[in-house]
Amino acid sequence: MPTQEPQKRFLGSLNSTATPHLGLASNQTGPWCLHVSVPDGLFLSLGLVSLLENVLVVIAITKNRNLHSPMYYFICCLALSDLMVSVSIVLETTIILLLEAGVLVARAALVQQLDDVIDVLICGSMVSSLCFLGIIAIDRYISIFYALRYHSIVTLPRARRAVVGIWVVSIVSSTLFITYYKHTAVLLCLITFFLAVLALMAILYVHMLTRAYQHAQGIAQLHKRQHSIRQGFCLKGAATLTILLGIFFLCWGPFFLHLSLIVLCPRHPTCSCIFKNFNLFLILILLSSTVDPLIYAFRSQELRMTLKEVLLCSW
């Protein structure tokens, strides 16, 4: 939780890797460089919104026994991952503001230790979020292409083992990442992991869209309304696919572009300019935590009904 400059937040060591450690002068970016300043208040407010949304998702799934299925387990774990991101960012931003205002006084060693803990927590939640986004895509794929065998393939014990495995891998990998962040191999592993999840989601969702289109085409032929149904389905399916993959790439892509440029061109002025917008990339990841419940959870009618019951009881 470094306090020396506002740009150096959680995982801020990644940003400093590309500049101070390599001796890149700040004036090498040139006057054309666009630096988008992100206020701490935006981190705080967006984090609180994400926190509220994901808490509601977890409560609703926990409360309704009808939602205790593998699919909702994965959605619940995605909400927990996003919740960890939100809590960590809200906590870190609050402590940064208190330190800057002089209200909170702490030794540099204690601040560094706390920063390392929060960095591991946030990095682990980011890795787990990507994993659960991928496993949700796999679950939906199996439910479509192996519908008759779905309940024998995706069983609760297997789902629980997958969940435990993802959390263990996320914690171990994030600890190693924070410890050895200066090594190029670590960055390459993270970049490869992101590209693999992106490719997996794209392939599965495109294949699912193709199967659904073929199904709609068959129905259209039966009802002699092939053109209108086909056209309507194509527009709706393309829009859904664009939203799913577009939001994923928009929110996560810039951060992993940042990691890629650290490896490819840490001294180049253009890359240095991009490094200056590190906080903007983190805001996009936080935005992903806010949007995920809208895409994967709140579209479920039963979950919405449970959520309404929870909110009415709270009043």
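These are my notebook entries on what I looked up in the structure above.

**Entry 1: ground rules**

I am working with a predicted model, in which local features need pLDDT of at least 70 and side-chain atom pairs count only at pLDDT 80 or more, while totals for chains, interfaces and linings use all residues. Residues are numbered from 1 along each chain as its sequence is written, and side-chain values use heavy atoms, with hydrogens and water left out.

**Entry 2: the whole chain**

I looked up the secondary structure and found 11 helices and zero strands. Helices (H or I, at least four residues) and strands (E, at least two) are DSSP runs, numbered from the N terminus. In sequence order the pattern is α-α-α-α-α-α-α-α-α-α-α.

Next I looked up burial. Of the 315 residues in the chain, 47% are buried. Buried means under 20% relative accessible area, exposed over 50%, and partly exposed in between (1.4 Å probe, protein chains only).

Then I turned to contacts, where contact means heavy atoms within 4.5 Å. Among the contacts in the chain with a separation of 6 or more, 83% are between residues 24 or more positions apart.

Two packed helices are described by the angle between their axes and the distance between the axes. Axes are lines fitted to C-alpha atoms, for helices over the stretch in contact, and angles run from 0 to 180 degrees between N-to-C directions. Angles under 35 degrees count as roughly parallel, over 145 as roughly antiparallel, 65 to 115 as roughly perpendicular and the rest as oblique. A crossing is left-handed if the near helix is turned anticlockwise from the far one by less than a right angle, and right-handed if clockwise.

I took α3 (residues 70-101) and α10 to begin with; their axes are 9 Å apart, at an angle of about 155°. That angle makes α3 roughly antiparallel to α10. On the α3 side the contact is made by Ile-75, Leu-78, Asp-82, Val-85, Ser-86 and Ile-89, and on the α10 side by Leu-286, Ser-289, Asp-292, Tyr-296 and Ala-297. The crossing of this pair, α3 and α10, is left-handed.

I then took α2 (residues 40-63) and α3, which pack at about 150° with axes 8 Å apart. This makes α2 roughly antiparallel to α3. The crossing of α2 and α3 is left-handed.

For the remaining pair, α2 and α10, the axes come within 10 Å and cross at roughly 25°. Here α2 is roughly parallel to α10. The residues that meet include Phe-43, Leu-46 and Gly-47 in α2, and Leu-286 and Ser-289 in α10. The crossing of α2 and α10 is left-handed.

Is Leu-286 buried or exposed? Leu-286 counts as buried because its relative accessible area is 0%. Leaving out residues up to four places away in sequence, Leu-286 touches Phe-43, Leu-46, Gly-47, Val-85, Ser-86 and Ile-89. I also looked up the spacing to Ile-89: the two C-alpha atoms are separated by 8.5 Å, although the residues are 197 apart along the chain.

I then moved to Ser-86, found in helix α3. Ser-86 counts as buried, at 0% relative accessibility. With the residues up to four places away set aside, Ser-86 touches Gly-47, Ser-50, Leu-51, Leu-286 and Ser-289.

**Entry 3: the nonpolar core**

A nonpolar core is a set of buried Ala, Val, Leu, Ile, Met, Phe, Trp, Tyr and Cys residues joined through side-chain atoms within 4.5 Å. The largest one has 75 residues, and those touching the most other members are Met-201, Tyr-205, Phe-248, Trp-252, Phe-255 and Tyr-296. Helix α4 (residues 108-145) gives this core its largest share, 14 residues.

Apart from neighbours within four places in sequence, Trp-252 is in contact with Met-126, Ser-129, Leu-130, Leu-133, Phe-194, Ile-285 and Ser-288.

**Entry 4: cysteines**

A disulfide is a covalent bond between the sulfur atoms of two cysteines. The rule used here is a pair of cysteine sulfur atoms within 2.5 Å. How many disulfides does the rule give? The count is one. Cys-265 and Cys-271 form it, with their sulfur atoms 1.7 Å apart. The link is left-handed, with -80° about the S-S bond.

I checked burial as well. Cys-265 is buried at 18% relative accessible area, and Cys-271 is buried at 5%. Cys-131 is buried at 18%, whereas Cys-189 is exposed at 54%.
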